[in-house]
Amino acid sequence: MLQHLEWDCPSFLRELNAAAASDADLARTDAIATIEHCLNQPAVAALLRRPSPDALLWREQPALLRHDGKMISAMFDRVQITPGQSAIIIDYKTNVGAPDE
């Protein structure tokens with residue numbers, strides 16, 4: 001679901017909740033509740049906010065990387081690019097780890 005998130009978290013959450021209202025799938029409802037909890041965290045919301053008007057957003061971006069002489073294919077969940085300044089790569093995780101992870 002997060003692959004559809006652009007820059008506007010509140011609008012994204014409204015769309016998810018509207019879709020969930022007509023969907024009886026418990027797993028989807030739980031997933032939406034988890035996403036809503038995460039996106040309502042100030043640090044997460046700040047990270048996903050558009051950093052500048054000229055920022056670019058790549059979602060589900062394939063990549064080919066070289067590491068220790070080996071080629072590795074990857075899929076970046078989210079790449080936020082501020083041209084000439086920086087790029088932030090975000091990899092969403094949905095698994096639950098131990099509390100100390």
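**Note on the predicted model: sheet, cysteines and aromatic contacts**

1. Three strands make up an open sheet, arranged in the order β1-β2-β3 with antiparallel pairing. The edges are formed by β1, residues 56–67, and β3, residues 86–90, each of which pairs on one side only. From one strand to the next, the twist averages 50°. The structure described here is a predicted model.

2. Strand β2 covers residues 70–82 and is joined to β3 by 5 bridges, the two strands running antiparallel. At the level of residues, Arg-78 has Ile-90 in β3 as its bridge partner.

3. Arg-78 also deserves attention for its side chain. Besides its bridge to Ile-90, Arg-78 lies over the face of Trp-7, at 5.3 Å from the ring centre.

4. As to contacts between rings, the number of aromatic pairs in the structure is 0. In general, such a pair would be described by the distance between the ring centres and the angle between the planes.

5. A disulfide is a covalent bond linking the sulfur atoms of two cysteines. How many disulfides does a search of the whole structure find? The search returns 0.

6. Is Cys-9 buried or exposed? Cys-9 is buried, because its relative accessible area is 8% and the cut-off for buried is under 20%. Cys-38 has a relative accessible area of 35% and is therefore partly exposed, a value that falls between the 20% and 50% limits.

How values were computed. Residues are numbered from 1 along each chain as its sequence is written. This is a predicted model: local features need pLDDT of at least 70, side-chain atom pairs count only at pLDDT 80 or more; totals for chains, interfaces and linings use all residues. Side-chain values use heavy atoms; hydrogens and water are left out. A disulfide is a pair of cysteine sulfur atoms within 2.5 Å. Buried means under 20% relative accessible area, exposed over 50%, partly exposed in between (1.4 Å probe, protein chains only). Two strands pair if DSSP finds at least two bridges between them. Helices (H or I, at least four residues) and strands (E, at least two) are DSSP runs, numbered from the N terminus. Axes are lines fitted to C-alpha atoms, for helices over the stretch in contact, and angles run from 0 to 180 degrees between N-to-C directions. Rings of Phe, Tyr and Trp (its six-membered ring) pair if their centres lie within 6.5 Å; planes under 30 degrees apart count as stacked, over 60 as edge-to-face and the rest as tilted. A charge sits over a ring if NZ of Lys or CZ of Arg is within 6 Å of the ring centre and within 35 degrees of the ring normal.
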